[in-house]
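Open the model in your viewer and keep the selection tool at hand. Each stop below says what to select next and what is there.

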Amino acid sequence: MNTKLPRQATIPDQQGRFGAYGGRYVPETLMPALLELEREYAQARKDRAFQQQLGYYLKEYVGRPTPLYFAERLTKRLGGAKIYLKREDLCHTGAHKINNAIGQGLLAKRMKKPRIIAETGAGQHGVATATVAAMFGLQCEIYMGTEDMQRQALNVFRMRLLGSTVTGVDAGSRTLKDAISEAMRDWTTNIRTTHYILGSVLGAHPYPMMIRDFQSIIGKEARKQILAAEGRLPDCLVACVGGGSNAIGLFHAFLHDKKVRMIGVEAGGLGVASGKHAARFSGGKPGVLQGTMTYLLQNEDGQINLTHSVSAGLDYAAVGPEHSYLREIGRTTYTSVTDDEALAAFDLLAREEGIVPALESAHAIAHAVQIAPKMQRNRILLINLSGRGDKDVQQVARMRGISL
Amino acid sequence: MRSTGRHARASITHQSVRSTSRLDQTFERLKTNGEKALIAYLMAGDPGLAETEELVLALEKAGADIIELGVPFSDPIADGPVIQQAAERALRSGTSLRKILLMVAAIRTKSQIPLVLMAYYNSIHAYGPDRFCQDATAAGVDGLIVPDMPPDEAGPLRGPACASGLHLIFLLAPTSTAQRRAFVARESKGFVYYVSLTGITGAKLADMADVGTNVEKIRKLSDTPIAVGFGVATPQDAARLSRYADGVIVGSAIVRQIAAHQNGGMVSEVSNFVHALKTAMVPGTAP
């Protein structure tokens, strides 16, 4: 592997650049807010009281550390590498998204913004944000594509139960991308009173850096846990990649462990050849969307393509800029699995381990199904189980013609 | 990383760079006459490029001093619903940046009205910033507004724009700090685009006094003309803003007229509206 990996502190640089990727491509109206957020976050990062508070909520409210579970039956079934699951599905609200929502919620309080907004795809980030808003007593509005509201009806109701307003976005593909645009428009309009809790390592600087930092707890814990369990580092990490926050959260603590391979799994939808997918690294090229320079699914004129995935959380045209960078320097690799492969992995994990994964996380499991049998039995494969599948049960039932 | 736009280069004859641009000359002429610039926004290709070309020529006759041509983008984060829908119509009619430049070249055989493109950065990135600046200037484009590119990110465009004589126009907003104001005012060429409100295009116009105060602050930092846009809906709005600024930009209100008259009478309706806007901006006639 030919990697030139700068020290963590220098990535991104002052302009929010991860190599050629990242940056701050936003309307001028947002620039002062981004600069303020960057300053506040830089202070909070160094502020022991802030870090203590964050640690308190992660432990007492989220339930961290999450277990690193040896999936013994899945390992036997696949007949190759030992498979460990980092159980982010056991976080309060059912996914890793709350790690970031707590961090940014504390920042919103620190900046004295009484209102928070967020976009959501699968609804997990929306639920996490609505939860944090309830706990911190903040006013909250969640933007969600109407297509996603239909496939994730349960999460829509959960957010409303938590006291948030859920606003449907009926533009474009009516999915995550359109929800982000609408949230950015809200933020542009209400910037003085509102903090935008972006849910993944996307958007303009400092979001990709800040969200990475809040999610990097996943990898820090997992690294300690695997060393305790096995006395050595894993051979390979696997995580699904929509925007890529669970993946970067797992990968970051291992970036300097050169022997640890890292694989991001994108949504292959109906197959990359069909054009109906969200595999940015197979079908995309660099461009600018929603504040950042990164790999995008776009046509020759730079218009953003519609994406498809059975998983709302992976159904997005851009990938986090740090992933584009890590791939370019050869530190990480990316692949994709189809809807059908993910659905098969969804069933497999439920039946072999009694864990119903989120359809997003099922993509990571599906890739493990492909590679684990080819690995020796003394190898270790560590998969980030980023969320639980309760939210997907209705959709999967519907796809199978079962009405609940 | 480099952009690799593969589409055929627009067949545009490259001319020598003008010493003074049409944009600068227009602001100078208006200033001499004690007038303010009416900058009319059209979404290029809404409903089709033939109609846009016809509208540009008609609006010049109706009193528009400068035309801003929107380049349709699938995900316009700075725009409200009126312009979002116009972009969707334009994309459905097959509009591309390359075709827009060909239309500009065709307009240039008939008119010398200053033309400014408003394009999201990805359209330019996909085309290739160097090639875009050359082709746009050669076609007869005078200025460029990129709503999602603050001057901090303008590196790849600054050199080629400067070399070809294309003015990079940047925006300032009510939220801009003194530091941002100084930076943007210095970077902006042709005019400074002051966003009248904290929000997106087509929103409700904010406090006029606030606009006046902010325009005065910018004026102290730069001799570049200042044009105010976002939320200008009526001739009365245009008249009030023209007291403070050197130009007034009207977008969503014009695009709304185009949307409402797609089945006939579009050119004359929009011309009448633009004429009313310009008339209201002439000093002494304001209500």
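The tour starts where the two chains meet and then moves to single residues.

**Before you start**

This is a predicted model, in which local features need pLDDT of at least 70 and side-chain atom pairs count only at pLDDT 80 or more, while totals for chains, interfaces and linings use all residues. Residues are numbered from 1 along each chain as its sequence is written, chains are lettered from A and ligands numbered from 1 in the order in which they are written, and side-chain values use heavy atoms, with hydrogens and water left out.

**Stop 1: where chain A meets chain B**

Colour the two chains differently and look at the place where they touch. Chain A gives 39 residues to the contact and chain B gives 39 residues; contact means heavy atoms within 4.5 Å. Between them the chains bury about 3,200 Å², and 52% of this is on carbon and sulfur atoms. Buried area is the accessible area (1.4 Å probe) that two parts lose on being put together, summed over both. Now select A:Glu28, A:Arg185 and A:Gln303: these supply 21% of the area that chain A buries against chain B, more than any other three residues.

Next, show the side chains at the interface. The rule finds 3 salt bridges across it, a salt bridge being a side-chain nitrogen of Lys or Arg within 4 Å of a carboxyl oxygen of Asp or Glu. Select A:Lys177 and B:Asp75, whose side chains form a salt bridge with 2.7 Å from N to O.

Which parts of chain A each supply at least two residues of the side that touches chain B? They are helix H1 (31–46), helix H8 (176–189), strand E11 (285–289) and strand E12 (292–296). Helices (H or I, at least four residues) and strands (E, at least two) are DSSP runs, numbered from the N terminus. H8(A) gives the largest share of that side, 8 residues.

**Stop 2: helix H8 of chain B**

Select residues 178–187 of chain B, which make up helix H8. Buried here are B:Arg180, B:Arg181, B:Val184, B:Ala185 and B:Glu187. Buried means under 20% relative accessible area, exposed over 50%, and partly exposed in between (1.4 Å probe, protein chains only). An α-helix has 3.6 residues a turn, so residues three or four places apart point the same way.

Turn the helix over. The face away from the buried side carries the exposed residues B:Ala178, B:Gln179 and B:Arg186. The buried residues of H8(B) pack against H1 of chain A and against several elements of chain B, including helix H7 (155–164) and helix H9 (208–219).

**Stop 3: A:Asp148**

Go to helix H6 of chain A, residues 146–151, and select A:Asp148. Is A:Asp148 buried or exposed? It counts as buried because its relative accessibility is 0%. Leaving aside residues up to four places away in sequence, A:Asp148 touches A:Thr120, A:Gly121, A:Arg174, A:Thr175, A:Leu176 and A:Ala312. A polar atom of the A:Asp148 side chain lies 3.3 Å from the backbone nitrogen of A:Leu176.

**Stop 4: B:Arg108**

Select B:Arg108 in helix H4 (residues 97–108) of chain B. This residue is buried, with a relative accessible area of 12%. A polar atom of the B:Arg108 side chain lies 3.0 Å from the backbone oxygen of B:Gly140.

**Stop 5: the backbone in loops**

- A:Pro65 is in the loop between helix H2 (48–62) and strand E3 (68–70) of chain A.
- A:His205 and A:Pro206: a cis peptide bond joins them, with omega about 10°.
- A:Thr93: phi is positive, about 80°, although this residue is not a glycine. A:Thr93 counts as buried, at 6% relative accessibility.
- B:Phe230: phi is near 85°, a positive value in a residue other than glycine. B:Phe230 lies in the loop between strand E8 (226–229) and helix H10 (235–242) of chain B.

Notes:
A polar contact is a pair of N or O atoms within 3.5 Å; within protein, one must be able to donate a hydrogen and the other to accept it, and residues adjacent in sequence count only if both atoms are side-chain atoms.
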